[in-house]
Amino acid sequence: MSQHEIDPTGEPYHPEKIDRKEYVGAAAYFELDLRAGVVIEVEEFPEMRKPSYKIHVDFGPVMGKLWSSAQITNYSRAQLMGRTVVGALNLGDKTLPSGFVSQFLVLGAIDPDGTVRLLELPEGVLPGSMVA
């Protein structure tokens, strides 16, 4: 599967349709900088071909505040504000066709139809906490 797409009829992300990935070893996983952050701003992103938001997330004192584009419009802006999310922070910046720079990837589980359900963390997790 090369590109994320919501398809309610074909269910491209049904667990029975997802192939097992190649072994990469634990070292590759531990290279990722996965951290908790709090959503502090959510903007509409009408320039994108697929429904998306621009989200501004506070990842604490070391990483600071970063922006990302996310196809998570199954959540309202109000549901996202103040929510603690998990981000992959060291994948490199991605400049989108609109010129917006996405600085991290927000993590979630993908429903069979492609809808993203954000990972949830227990109350009290501090912004910038490492996710292992």
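**View 1. Strands E1 and E2 run antiparallel and are joined by 6 bridges.** The model shown here is predicted. Strand E1 covers residues 34-44. Strand E2 covers residues 53-58. Val-39 has Val-57 in E2 as its bridge partner. Of the 6 residues in E2, 5 are buried, so the strand is mostly covered under the cut-off of 20% relative accessible area.

**View 2. E2 also pairs with E3, again in the antiparallel sense.** This pairing spans 6 bridges. Strand E3 covers residues 65-70. Asp-58 stands opposite Lys-65 in E3. Tyr-53 has Ala-70 in E3 as its bridge partner.

**View 3. An open sheet is formed by 5 strands.** The strand order is E3-E2-E1-E4-E7. Pairing is antiparallel. Which strands stand at the edges? They are E3 (65-70) and E7 (105-106). Each edge strand has a single partner strand, so one side of each is left without a neighbour in the sheet. In a regular strand, side chains alternate between the two faces of the sheet.

**View 4. Arg-35 sits in strand E1.** Is Arg-35 buried or exposed? The residue is buried, because its relative accessible area of 17% falls under the 20% cut-off. The Arg-35 side chain makes a polar contact with the side chain of Asp-33, at 2.7 Å.

**View 5. Arg-35 touches residues from several parts of the sequence.** The contacts described here leave out residues up to four places away in sequence. Among the residues touched are Phe-59, Val-62 and Met-63. Val-85, Val-86, Gly-87 and Leu-89 are also touched by Arg-35. Further along the sequence, the contacts include Gly-128, Ser-129, Met-130 and Val-131.

**View 6. Tyr-29 belongs to a nonpolar surface patch.** The patch amounts to about 500 Å². Tyr-29, Phe-30, Leu-32, Leu-91 and Leu-105 make it up. Tyr-29 is found in helix H1, which covers residues 26-30.

Definitions and conventions: Residues numbered from 1 in each chain as written. Predicted model: local features only at pLDDT ≥ 70, side-chain atom pairs only at ≥ 80, totals over all residues. Heavy atoms only, no water. Helix = DSSP H or I, 4+ residues; strand = E, 2+ residues; numbered from the N terminus. Buried < 20%, exposed > 50% of the residue type's maximum accessible area, 1.4 Å probe, protein only. Polar contact = N/O pair within 3.5 Å; in protein donor to acceptor, adjacent residues only side chain to side chain. Contact = heavy atoms within 4.5 Å. Pairing = 2+ DSSP bridges. Patch = residues over 30% accessible without salt bridge, like charges linked within 9 Å, V, L, I, M, F, W, Y side chains within 5 Å. Areas by Shrake-Rupley, 256 points an atom, 1.4 Å probe, with all protein chains shown as cover. Salt bridge = Lys/Arg side-chain N within 4 Å of Asp/Glu carboxyl O.
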